[in-house]
Amino acid sequence: MPAGGDGVPAGEEVTGAAVPDVAEGPYDPAAPAPLGVERVPTGHAGVDAHLERLADADHLPADGHLEVYEDVHRGLRSTLTELDARPDDSYDHRS
């Protein structure tokens with residue numbers, strides 16, 4: 001059978017094939033789009049949680065990024081300050 005312009009034999013239906021979703025609408029260059037920046041875990045749960053929060057910016061327009069970045073920055077400063085703080089000296093030195 002001769003194939004049509006889409007590579008499917010004439011008279012046959014395409015089933016189970018991926019068909020582009022036309023309902024998405026036209027491309028909007030101003031729409032939010034993921035930056036694709038990879039976040040690598042540090043191994044510290046507190047720091048990693050703040051870094052994962054950066055993914056929220058991928059779904060916001062550019063004017064919403066600042067709020068996320070400032071929130072992450074505050075959280076990282078707080079977490080890192082806690083790591084730099086001296087451990088509690090509550091050990092009883094008496095024998």
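## Charged side chains and a surface patch

D48 is found in helix α1, which covers residues 45–53; here helices are DSSP runs of H or I with at least four residues, numbered from the N terminus. This is a predicted model, in which local features need pLDDT of at least 70 and side-chain atom pairs count only at pLDDT 80 or more, while totals for chains, interfaces and linings use all residues. Residues are numbered from 1 along each chain as its sequence is written, and side-chain values use heavy atoms, with hydrogens and water left out.

D48 is buried and yet has no salt bridge, for the nearest side chain of opposite charge, R39, is 9.6 Å away. Buried means under 20% relative accessible area, exposed means over 50%, and partly exposed lies in between, with a 1.4 Å probe and protein chains only. A salt bridge is a side-chain nitrogen of Lys or Arg within 4 Å of a carboxyl oxygen of Asp or Glu. The side chain of D48 does, however, reach the backbone nitrogen of T42 at 2.6 Å. Leaving aside neighbours within four places in sequence, D48 is in contact (heavy atoms within 4.5 Å) with P41, T42 and G43.

Side chains of opposite charge can pair when their charged atoms come close. The structure holds 3 salt bridges, and R53, D56, D71 and R74 are linked in a network of them.

| Salt bridge | Closest N to O distance |
|---|---|
| R53 and D71 | 2.7 Å |
| D71 and R74 | 4.0 Å |

What does the pair of R53 and D71 tie together? R53 lies in helix α1 and D71 in helix α2, so the pair ties together parts that are 18 residues apart in sequence. D71 and R74, by contrast, both lie in helix α2, 3 residues apart, which is about one turn of the helix. As for accessibility, R53 counts as partly exposed at 26%, D71 as partly exposed at 28% and D56 as partly exposed at 36%, whereas R74 counts as exposed at 53%.

Helix α2, residues 65–84, is also the place of Y69, which is partly exposed with a relative accessible area of 38%. Together with L35 and V37, Y69 forms a nonpolar patch on the surface, with about 310 Å² of accessible area in total. Such a patch is made of residues with over 30% relative accessible area and no salt bridge, nonpolar side chains (Val, Leu, Ile, Met, Phe, Trp, Tyr) being joined within 5 Å and like charges within 9 Å.

Notes: Accessible areas come from the Shrake-Rupley method with a 1.4 Å probe; for residues, only the protein chains shown count as cover. Helices (H or I, at least four residues) and strands (E, at least two) are DSSP runs, numbered from the N terminus. Lys and Arg count as positive and Asp and Glu as negative; His and the chain ends are not counted. A polar contact is a pair of N or O atoms within 3.5 Å; within protein, one must be able to donate a hydrogen and the other to accept it, and residues adjacent in sequence count only if both atoms are side-chain atoms.
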